Amino acid sequence: MNQFILSLVTGIFIGGVAGYLGSLMVSKRMALVGGALGHLTLPGIALALIYGFDVSLGALPLVALGIILIWLFEIRTKLPTEALTAVVFASGVAVAFLILPSEKTVTALIGDIAQVELYGAVISIILATIVFFVIRKIFSKMVLSNISEDLAKVQGINVKKYNFIFLASIAIIVALGVKIVGGLLTAALVAIPACAARNISRNLFQYTYGGMIIGAASCVVGILLFKLTGFSAGPLVILTSTLFFLISMIFKKD
Amino acid sequence: MNKETILKVKNLNVELNNKKIIENLSFEVKEKETLVILGPNGAGKTVLFRALLGLLPHRGEIQWQKEVKIGYVPTRLSLTKEIPLTIKEFFDLKPSTKNMAMGPKEIIEVLRTVGMVDSEILEKRVAFLSSGQFQRLLVAWGLADNPQILLFDEPMSGIDIRGQESIYNLLEKLREERNLTILLITHDLSIVYKLADNVICLNKKALCQGPSVEVLTPQHLSKLYGGEIKFYQHKHT
């Protein structure tokens with residue numbers, strides 16, 4: 001199959017679901033966690049690039065490890081999550097730069113969607129679709145527990161369980177996202193489309209699906225520009241979503 | 001538990017971080033009764049509600065009537081400005097109303113009960129409501145799946161006097177129209193005289209409990225709040 005089409009389709013799925021999930025992350029003030037987890041994947045990406053396997057495959061165990069470490073440190077130290085995230089992700093970046101060959105650095109940091117292979121693309125599309133349906137299923141419960149955990153619990157919602165599912169979904173989307181934007185820019189992949197959608201939406205539905213559409217559209221435009229200009233796709237995708245964000249400010253609803 | 005008893009609490013003890021918050025509390029609530037829980041800050045009122053709702057670990061017995069439907073209106077919920085949530089969408093978040101397939105018509109109906117009658121109310125954003133309106137919305141949300149009992153935690157906090165008055169009128173109306181059993185936490189003594197059938201004066205332990213006219217003596221109140229408190233009941237003729 002044409003490499004360009006493959007990149008484009010993979011981008012649409014990952015970018016779209018990242019934007020959708022991002023709307024929930026932004027409303028829970030967790031956008032930067034997506035970035036920290038992205039940085040943490042760098043050692044995994046480094047290994048994947050050295051041994052020639054899919055970068056997302058290298059990234060996923062590291063994100064999972066990162067989430068578990070942060071969770072464990074939190075129980076043990078009672079320090080704020082945000083501070084512990086800093087501890088864990090900076091360590092990840094440090095390890096990455098010890099083992100990462102310098103010629104692979106740029107790919108690891110900002111991604112290279114043009115390297116995606118058929119099997120990697122198919123798995124990404126399947127995983128992104130699963131994450132989309134899972135998040136859609138738990139969305140209203142997450143929003144309610146975000147408004148009030150007590151109200152959610154009184155309604156019989158198992159808040160801990162859904163938080164875990166939510167974190168696992170973030171882990172998967174971050175691991176997939178590094179294919180498009182590398183380990184450096186994943187925060188932007190989840191945050192910017194959601195912020196743009198937030199500006200122009202009147203209700204929750206427009207916000208979440210707006211995030212999804214803007215996320216997917218950013219990937220389409222970014223990858224097209226990459227094809228036309230030869231600049232790296234990752235930064236082009238992010239800058240496209242930044243442009244959408246700037247435009248959304250003109251039409252801001254409130 | 002006899003047929004009319006909706007809630008029976010026996011020797012309830014709640015400890016948080018090795019600190020005793022509630023000690024040996026026992027009481028019963030009958031159907032259609034309004035019970036007010038009165039007490040100073042930090043007396044364990046909200047903790048009591050959270051224990052009753054199964055949100056906190058506790059010792060002792062909390063026995064609800066079988067398959068009772070409970071509505072809960074928490075105190076001082078922050079209005080989430082991050083999420084562009086409309087009133088209609090707020091109701092859709094509630095699993096039990098979703099299961100009842102509650103449509104726009106039913107939502108408008110329950111909003112009307114709490115005095116929110118704006119024609120385009122459903123598309124209004126939750127974040128744009130005043131705190132009084134938001135409190136009404138929470139009551140409506142709590143009522144949406146027709147509970148038999150409503151737990152109401154300091155409905156007046158952060159609401160101006162006029163708003164307070166109308167929330168009380170609302171509670172009174174609900175009690176009449178819906179045959180609701182109400183558990184109400186408040187600081188406000190005037191309310192107690194107006195609404196309460198029974199009162200528990202809580203400060204870790206129950207310092208007094210029983211019918212409001214009997215137990216709300218100046219002696220009990222000064223014991224509860226510390227120092228001299230005088231409150232004269234207004235008798236309307």
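Me: Which residue in β6(B) does G71(B) stand opposite?

Reply: This is a predicted model, and what follows is read from it. In chain B, strand β5 (residues 70-73) and strand β6 (residues 149-153) pair in the parallel sense over 4 bridges. Within this pairing, the residue of β6(B) that stands opposite G71(B) is L150(B).

Me: Which residues point one way from strand β5 of chain B, and which the other way?

Reply: In a regular strand the side chains alternate between the two faces of the sheet. In β5 of chain B, whose residues 70-73 are all buried, G71(B) and V73(B) point one way, and pointing the other way are I70(B) and Y72(B).

Me: How many helices and strands does the secondary structure of chain B come to?

Reply: Chain B has 237 residues, of which 38% count as buried. Among its contacts with a separation of 6 or more, 68% are accounted for by residues 24 or more positions apart. The secondary structure of this chain comes to 9 helices and 9 strands.

Me: How many residues of the side of chain B that touches chain A are nonpolar?

Reply: Where the two chains meet, 18 residues of chain B are in contact with 19 residues of chain A. On the chain B side, α2 (87-92) and α3 (95-99) each supply at least two residues. The residues on that side divide into 5 charged, 3 polar and, as the number asked for, nonpolar ones amounting to 10.

Me: Is R29(A) buried or exposed?

Reply: R29(A) is found in the loop between α1 (3-27) and α2 (31-40) of chain A, and its phi is near 55°, a positive value in a residue other than glycine. Because a residue with 12 or fewer other C-beta atoms within 10 Å counts as exposed, and R29(A) has 11, R29(A) is exposed.

Me: What is the phi of K204(B), roughly?

Reply: K204(B) lies in the loop between β8 (198-203) and β9 (205-211) of chain B. With 18 other C-beta atoms within 10 Å, K204(B) is partly exposed. Although K204(B) is not a glycine, its phi is positive, at about 70°.

How values were computed:
Residues numbered from 1 in each chain as written. Chains lettered and ligands numbered in written order. Predicted model: local features only at pLDDT ≥ 70, side-chain atom pairs only at ≥ 80, totals over all residues. Contact = placed C-beta atoms within 7 Å. Nonpolar A, V, L, I, M, F, W, Y, C, P; charged D, E, K, R; others polar. Buried ≥ 20, exposed ≤ 12 C-beta atoms within 10 Å, placed from the backbone. Pairing = 2+ DSSP bridges.
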